[in-house]
Amino acid sequence: MKPPPFGYHAPGTLDEALGVLAAVPGGKVLAGGQSLVPLLNMRLAAPSDLVDINRVGELDTLRVTAGGVRAGALARHARVERSAAAAAVQPLLGRALRHVAHPAIRNRGTVVGSLAHADPAAELPAVLAVLRGTVEAASARGRRTIAAAEFFRGPLEPALEPGELAVSAFFPAAPPRTGTAFAETARRHGDYALSGVAAVVTLDEDLRVAAARTGHLGIAPVPVVFDLTGAAGPGGDWAAAAAHVRERIDPESDIHAGAGYRRHLTGVLTERALNAAASEALRKAGE
Ligand SMILES: Cc1cc2nc3c(=O)[nH]c(=O)nc-3n(C[C@H](O)[C@H](O)[C@H](O)COP(=O)(O)OP(=O)(O)OC[C@H]3O[C@@H](n4cnc5c(N)ncnc54)[C@H](O)[C@@H]3O)c2cc1C
(Lines give C-alpha, C1' and ligand atoms only; values in the text may rest on other atoms or scores of the structure.)
Protein backbone atom coordinates (compact mmCIF):
# COMPACT_ATOMS: atom_id res chain seq x y z
CA MET A 1 0.00 0.00 0.00
CA LYS A 2 1.00 3.60 -0.41
CA PRO A 3 0.92 6.27 2.31
CA PRO A 4 -1.72 9.01 2.30
CA PRO A 5 -0.44 12.36 0.94
CA PHE A 6 1.67 14.48 3.33
CA GLY A 7 3.78 17.62 3.23
CA TYR A 8 7.52 16.84 3.46
CA HIS A 9 10.06 19.02 5.27
CA ALA A 10 13.78 18.36 5.59
CA PRO A 11 15.24 20.98 7.96
CA GLY A 12 19.03 21.26 8.29
CA THR A 13 19.19 22.51 11.88
CA LEU A 14 17.35 21.86 15.14
CA ASP A 15 15.99 25.43 15.22
CA GLU A 16 14.58 25.00 11.72
CA ALA A 17 13.03 21.64 12.70
CA LEU A 18 11.36 23.20 15.77
CA GLY A 19 10.13 26.10 13.61
CA VAL A 20 8.52 23.71 11.11
CA LEU A 21 6.97 21.61 13.90
CA ALA A 22 5.47 24.77 15.44
CA ALA A 23 4.00 25.75 12.06
CA VAL A 24 2.45 22.34 11.25
CA PRO A 25 0.44 21.16 14.30
CA GLY A 26 -0.54 17.93 12.52
CA GLY A 27 3.08 17.12 11.68
CA LYS A 28 5.13 14.12 12.80
CA VAL A 29 8.87 13.67 13.18
CA LEU A 30 10.45 11.16 10.79
CA ALA A 31 13.64 9.62 12.27
CA GLY A 32 14.66 6.10 11.14
CA GLY A 33 11.19 5.50 9.67
CA GLN A 34 11.23 1.84 10.80
CA SER A 35 7.93 2.18 12.65
CA LEU A 36 6.41 5.30 11.09
CA VAL A 37 6.74 4.29 7.44
CA PRO A 38 4.94 0.94 7.90
CA LEU A 39 2.18 2.78 9.82
CA LEU A 40 1.85 5.26 6.93
CA ASN A 41 1.85 2.53 4.30
CA MET A 42 -0.84 0.62 6.17
CA ARG A 43 -2.72 3.91 6.57
CA LEU A 44 -2.79 3.53 10.34
CA ALA A 45 -1.31 7.04 10.59
CA ALA A 46 -2.10 10.04 8.42
CA PRO A 47 -0.07 13.06 9.58
CA SER A 48 -0.51 16.27 7.55
CA ASP A 49 3.28 16.71 7.38
CA LEU A 50 6.49 14.79 7.98
CA VAL A 51 9.45 16.60 9.49
CA ASP A 52 12.46 14.53 8.43
CA ILE A 53 15.26 15.13 10.97
CA ASN A 54 17.89 13.00 9.19
CA ARG A 55 19.81 16.06 7.97
CA VAL A 56 20.02 17.65 11.43
CA GLY A 57 23.65 16.78 12.19
CA GLU A 58 23.54 18.22 15.71
CA LEU A 59 21.13 15.40 16.70
CA ASP A 60 23.53 12.67 15.55
CA THR A 61 25.30 12.32 18.88
CA LEU A 62 26.22 9.66 21.42
CA ARG A 63 27.77 11.09 24.59
CA VAL A 64 29.13 8.78 27.25
CA THR A 65 30.26 10.16 30.61
CA ALA A 66 30.80 8.61 34.04
CA GLY A 67 27.19 9.61 34.79
CA GLY A 68 25.57 7.76 31.92
CA VAL A 69 24.81 7.48 28.21
CA ARG A 70 23.03 10.25 26.31
CA ALA A 71 21.77 9.23 22.86
CA GLY A 72 20.86 12.07 20.51
CA ALA A 73 17.75 11.77 18.37
CA LEU A 74 19.73 10.41 15.39
CA ALA A 75 21.82 7.84 17.27
CA ARG A 76 20.89 4.61 15.48
CA HIS A 77 20.30 1.40 17.43
CA ALA A 78 23.41 -0.19 15.84
CA ARG A 79 25.73 2.63 16.89
CA VAL A 80 24.63 2.44 20.51
CA GLU A 81 24.66 -1.37 20.49
CA ARG A 82 28.28 -1.43 19.26
CA SER A 83 29.61 1.35 21.48
CA ALA A 84 32.20 -0.10 23.86
CA ALA A 85 32.14 3.15 25.85
CA ALA A 86 28.36 2.93 26.34
CA ALA A 87 28.63 -0.75 27.32
CA ALA A 88 31.28 0.06 29.94
CA VAL A 89 29.05 2.64 31.63
CA GLN A 90 25.64 1.01 31.15
CA PRO A 91 25.77 -2.54 29.74
CA LEU A 92 21.99 -3.03 29.90
CA LEU A 93 21.47 -0.83 26.85
CA GLY A 94 23.51 -3.01 24.47
CA ARG A 95 22.11 -6.20 25.98
CA ALA A 96 18.56 -5.09 25.25
CA LEU A 97 19.37 -3.65 21.82
CA ARG A 98 20.52 -7.07 20.59
CA HIS A 99 16.86 -8.14 20.87
CA VAL A 100 15.49 -5.20 18.88
CA ALA A 101 14.39 -6.40 15.43
CA HIS A 102 17.13 -7.36 12.94
CA PRO A 103 20.48 -5.76 11.98
CA ALA A 104 19.06 -3.96 8.92
CA ILE A 105 16.40 -2.31 11.08
CA ARG A 106 18.92 -1.51 13.81
CA ASN A 107 21.14 0.21 11.22
CA ARG A 108 18.37 2.71 10.54
CA GLY A 109 16.07 2.85 13.57
CA THR A 110 16.95 5.22 16.38
CA VAL A 111 16.99 4.76 20.15
CA VAL A 112 15.04 7.97 20.71
CA GLY A 113 12.58 7.05 17.93
CA SER A 114 11.86 3.77 19.69
CA LEU A 115 11.12 5.64 22.94
CA ALA A 116 8.97 8.24 21.13
CA HIS A 117 7.06 5.43 19.42
CA ALA A 118 6.23 4.05 22.92
CA ASP A 119 5.36 0.54 21.81
CA PRO A 120 4.60 -1.48 24.98
CA ALA A 121 6.29 -4.52 23.41
CA ALA A 122 9.54 -2.65 22.63
CA GLU A 123 12.70 -3.24 24.62
CA LEU A 124 14.07 0.27 25.10
CA PRO A 125 11.11 1.82 26.93
CA ALA A 126 11.44 -0.89 29.62
CA VAL A 127 15.19 -0.22 29.84
CA LEU A 128 14.70 3.54 30.21
CA ALA A 129 12.01 2.90 32.84
CA VAL A 130 14.01 0.46 35.00
CA LEU A 131 17.08 2.71 34.87
CA ARG A 132 14.96 5.77 35.75
CA GLY A 133 16.27 7.58 32.70
CA THR A 134 14.93 10.72 31.10
CA VAL A 135 13.95 12.15 27.73
CA GLU A 136 14.89 15.71 26.80
CA ALA A 137 12.20 17.40 24.71
CA ALA A 138 12.48 20.67 22.80
CA SER A 139 9.97 22.88 21.05
CA ALA A 140 9.86 26.47 19.82
CA ARG A 141 8.68 27.30 23.39
CA GLY A 142 11.76 25.85 25.14
CA ARG A 143 13.15 22.65 26.63
CA ARG A 144 12.08 20.24 29.35
CA THR A 145 13.24 16.96 30.83
CA ILE A 146 10.68 14.17 31.17
CA ALA A 147 11.27 11.30 33.61
CA ALA A 148 10.71 7.80 32.22
CA ALA A 149 7.94 7.23 34.79
CA GLU A 150 5.95 10.06 33.17
CA PHE A 151 7.03 9.58 29.56
CA PHE A 152 4.98 6.48 28.63
CA ARG A 153 1.29 7.39 28.87
CA GLY A 154 -0.18 4.51 26.88
CA PRO A 155 0.42 2.36 23.82
CA LEU A 156 2.07 4.57 21.14
CA GLU A 157 1.39 7.54 23.40
CA PRO A 158 4.52 9.33 24.62
CA ALA A 159 4.24 12.43 26.82
CA LEU A 160 5.29 14.72 23.97
CA GLU A 161 3.13 17.75 23.20
CA PRO A 162 2.36 18.88 19.63
CA GLY A 163 5.39 20.74 18.29
CA GLU A 164 7.78 18.91 20.62
CA LEU A 165 10.77 16.93 19.42
CA ALA A 166 12.64 14.45 21.63
CA VAL A 167 16.24 15.65 21.24
CA SER A 168 17.93 13.01 23.39
CA ALA A 169 17.47 10.26 25.95
CA PHE A 170 19.64 9.73 29.02
CA PHE A 171 20.37 6.29 30.47
CA PRO A 172 22.05 6.63 33.91
CA ALA A 173 25.27 4.69 34.58
CA ALA A 174 25.26 1.53 36.67
CA PRO A 175 26.34 2.31 40.28
CA PRO A 176 29.22 0.30 41.84
CA ARG A 177 28.50 -3.39 42.67
CA THR A 178 25.62 -3.39 40.21
CA GLY A 179 24.75 -6.11 37.71
CA THR A 180 22.20 -5.98 34.91
CA ALA A 181 20.57 -8.57 32.68
CA PHE A 182 18.00 -8.71 29.93
CA ALA A 183 15.83 -11.72 29.05
CA GLU A 184 12.94 -12.13 26.66
CA THR A 185 11.05 -14.76 24.72
CA ALA A 186 9.87 -14.08 21.18
CA ARG A 187 8.43 -16.57 18.70
CA ARG A 188 11.41 -15.83 16.43
CA HIS A 189 14.57 -13.91 17.31
CA GLY A 190 14.00 -10.26 16.37
CA ASP A 191 10.23 -10.43 16.67
CA TYR A 192 8.50 -8.35 19.31
CA ALA A 193 8.67 -10.32 22.57
CA LEU A 194 5.78 -12.17 24.21
CA SER A 195 7.31 -10.97 27.46
CA GLY A 196 10.64 -9.42 28.35
CA VAL A 197 12.44 -8.20 31.44
CA ALA A 198 15.36 -5.91 32.24
CA ALA A 199 16.84 -6.51 35.71
CA VAL A 200 19.15 -4.36 37.84
CA VAL A 201 20.66 -5.61 41.11
CA THR A 202 22.95 -3.59 43.40
CA LEU A 203 24.79 -5.12 46.36
CA ASP A 204 26.07 -3.29 49.43
CA GLU A 205 29.62 -3.60 50.77
CA ASP A 206 28.66 -6.73 52.74
CA LEU A 207 27.27 -8.26 49.53
CA ARG A 208 23.66 -8.01 50.68
CA VAL A 209 21.00 -6.87 48.23
CA ALA A 210 20.81 -3.07 48.43
CA ALA A 211 18.43 -2.65 45.50
CA ALA A 212 16.70 -4.90 42.97
CA ARG A 213 14.40 -3.67 40.21
CA THR A 214 12.86 -5.12 37.07
CA GLY A 215 11.35 -3.38 34.04
CA HIS A 216 8.89 -5.38 31.96
CA LEU A 217 7.72 -5.21 28.35
CA GLY A 218 4.90 -6.93 26.55
CA ILE A 219 2.65 -7.41 29.59
CA ALA A 220 0.84 -4.04 29.94
CA PRO A 221 0.04 -0.90 27.89
CA VAL A 222 3.20 0.79 29.24
CA PRO A 223 6.49 -0.51 30.69
CA VAL A 224 6.01 -1.82 34.24
CA VAL A 225 8.70 -1.40 36.90
CA PHE A 226 8.88 -3.39 40.14
CA ASP A 227 11.06 -2.52 43.13
CA LEU A 228 11.86 -6.02 44.38
CA THR A 229 14.35 -5.11 47.11
CA GLY A 230 11.90 -6.11 49.86
CA ALA A 231 10.51 -9.17 48.10
CA ALA A 232 14.00 -10.57 47.45
CA GLY A 233 15.30 -9.76 50.94
CA PRO A 234 18.98 -9.11 51.78
CA GLY A 235 20.01 -12.62 50.71
CA GLY A 236 18.46 -12.31 47.24
CA ASP A 237 15.57 -14.79 47.10
CA TRP A 238 14.98 -14.40 43.36
CA ALA A 239 12.26 -17.07 43.22
CA ALA A 240 10.27 -15.06 45.81
CA ALA A 241 10.89 -11.86 43.85
CA ALA A 242 9.65 -13.52 40.64
CA ALA A 243 6.55 -14.81 42.45
CA HIS A 244 5.90 -11.26 43.68
CA VAL A 245 5.91 -10.05 40.05
CA ARG A 246 3.81 -12.98 38.77
CA GLU A 247 1.11 -12.28 41.34
CA ARG A 248 0.87 -8.58 40.53
CA ILE A 249 0.73 -8.51 36.73
CA ASP A 250 -2.37 -8.75 34.60
CA PRO A 251 -1.25 -9.54 31.03
CA GLU A 252 -3.72 -9.88 28.18
CA SER A 253 -4.30 -12.74 25.75
CA ASP A 254 -3.72 -12.09 22.07
CA ILE A 255 -3.10 -14.15 18.94
CA HIS A 256 0.50 -14.78 20.03
CA ALA A 257 -0.01 -16.02 23.62
CA GLY A 258 -2.63 -16.49 26.32
CA ALA A 259 -2.64 -14.42 29.51
CA GLY A 260 -1.80 -17.46 31.68
CA TYR A 261 1.20 -18.36 29.55
CA ARG A 262 2.45 -14.75 29.58
CA ARG A 263 2.14 -14.62 33.37
CA HIS A 264 4.08 -17.88 33.79
CA LEU A 265 6.69 -16.82 31.24
CA THR A 266 7.17 -13.46 32.94
CA GLY A 267 7.88 -15.23 36.24
CA VAL A 268 10.45 -17.54 34.64
CA LEU A 269 12.19 -14.69 32.78
CA THR A 270 12.18 -12.49 35.88
CA GLU A 271 13.90 -15.10 38.05
CA ARG A 272 16.42 -15.82 35.29
CA ALA A 273 17.26 -12.14 34.72
CA LEU A 274 17.54 -11.37 38.44
CA ASN A 275 19.87 -14.36 38.93
CA ALA A 276 22.09 -13.22 36.07
CA ALA A 277 22.13 -9.61 37.27
CA ALA A 278 23.00 -10.71 40.82
CA SER A 279 25.85 -12.92 39.57
CA GLU A 280 27.28 -9.99 37.66
CA ALA A 281 26.93 -7.71 40.69
CA LEU A 282 28.82 -10.27 42.78
CA ARG A 283 31.56 -10.50 40.17
CA LYS A 284 31.90 -6.72 40.02
CA ALA A 285 32.00 -6.47 43.82
CA GLY A 286 35.01 -8.80 43.76
CA GLU A 287 36.95 -6.78 41.18
C1 LIG B 1 10.18 -5.79 10.97
C2 LIG B 1 10.40 -4.89 12.18
C3 LIG B 1 10.64 -5.47 13.40
C4 LIG B 1 10.82 -4.68 14.53
N5 LIG B 1 11.07 -5.29 15.71
C6 LIG B 1 11.25 -4.54 16.81
C7 LIG B 1 11.53 -5.14 18.08
O8 LIG B 1 11.61 -6.37 18.23
N9 LIG B 1 11.67 -4.32 19.15
C10 LIG B 1 11.60 -2.95 19.04
O11 LIG B 1 11.75 -2.26 20.04
N12 LIG B 1 11.39 -2.36 17.87
C13 LIG B 1 11.20 -3.10 16.74
N14 LIG B 1 10.99 -2.48 15.55
C15 LIG B 1 10.89 -1.00 15.50
C16 LIG B 1 12.28 -0.35 15.41
O17 LIG B 1 12.97 -0.55 16.61
C18 LIG B 1 12.19 1.16 15.15
O19 LIG B 1 13.44 1.58 14.79
C20 LIG B 1 11.76 2.05 16.30
O21 LIG B 1 10.58 1.61 16.85
C22 LIG B 1 11.47 3.48 15.87
O23 LIG B 1 12.63 4.15 15.56
P24 LIG B 1 12.73 5.00 14.25
O25 LIG B 1 13.92 5.89 14.40
O26 LIG B 1 12.67 4.14 13.06
O27 LIG B 1 11.42 5.96 14.35
P28 LIG B 1 10.35 6.37 13.26
O29 LIG B 1 9.75 5.18 12.62
O30 LIG B 1 10.92 7.41 12.36
O31 LIG B 1 9.28 7.08 14.22
C32 LIG B 1 8.48 6.32 15.10
C33 LIG B 1 7.54 7.26 15.87
O34 LIG B 1 8.29 8.07 16.78
C35 LIG B 1 8.18 9.45 16.43
N36 LIG B 1 9.54 10.01 16.59
C37 LIG B 1 10.70 9.47 16.13
N38 LIG B 1 11.74 10.22 16.53
C39 LIG B 1 11.22 11.25 17.23
C40 LIG B 1 11.79 12.37 17.90
N41 LIG B 1 13.12 12.54 17.94
N42 LIG B 1 10.97 13.24 18.52
C43 LIG B 1 9.62 13.06 18.50
N44 LIG B 1 9.02 12.02 17.89
C45 LIG B 1 9.81 11.13 17.26
C46 LIG B 1 7.68 9.49 15.01
O47 LIG B 1 6.96 10.69 14.74
C48 LIG B 1 6.80 8.26 14.98
O49 LIG B 1 5.56 8.54 15.57
C50 LIG B 1 10.79 -3.25 14.41
C51 LIG B 1 10.58 -2.65 13.16
C52 LIG B 1 10.38 -3.46 12.05
C53 LIG B 1 10.14 -2.80 10.70
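Which of the 30 residues around the ligand come nearest? Select Val-29, Gly-33, Gln-34, Leu-36 and Thr-110 to see them; a residue belongs to this group if one of its heavy atoms lies within 4 Å of the ligand.

Before going further, a word on what is on screen. This is a predicted model, in which local features need pLDDT of at least 70, side-chain atom pairs count only at pLDDT 80 or more, and totals for chains, interfaces and linings use all residues. Residues are numbered from 1 along each chain as its sequence is written, and side-chain values use heavy atoms, leaving out hydrogens and water.

A polar side-chain atom of Thr-110 sits 2.7 Å from a ligand oxygen. At Gln-34 it is a backbone N or O atom that lies 2.8 Å from an oxygen of the ligand. Now pick His-77, where a side-chain N or O atom is 3.2 Å from a ligand oxygen. Of the 970 Å² of accessible area that the ligand has on its own, the protein covers 89% (Shrake-Rupley method, 1.4 Å probe).

Colour by secondary structure (DSSP runs, helices of at least four residues and strands of at least two, numbered from the N terminus). Strand E2 (27-30), helix H7 (111-117) and strand E10 (165-172) each give two or more residues to the ligand shell. H7 gives the most, with five residues.

Now move to the second largest pocket, with a volume of about 150 Å³. Its lining includes Leu-14, Arg-63, Glu-136 and Ser-168. Here a pocket is an open set of points on a 1 Å grid over the protein atoms alone, where a 1.4 Å probe fits, with protein on both sides within 12 Å along at least five of seven lines; lining residues have an atom within 4 Å of a point. The volume is the space filled by probe spheres set on the points, which are joined across faces, edges and corners. Strand E5 (68-72) and E10 each give two or more residues to this lining.

Note on methods. A polar contact is a pair of N or O atoms within 3.5 Å; within protein, one must be able to donate a hydrogen and the other to accept it, and residues adjacent in sequence count only if both atoms are side-chain atoms.
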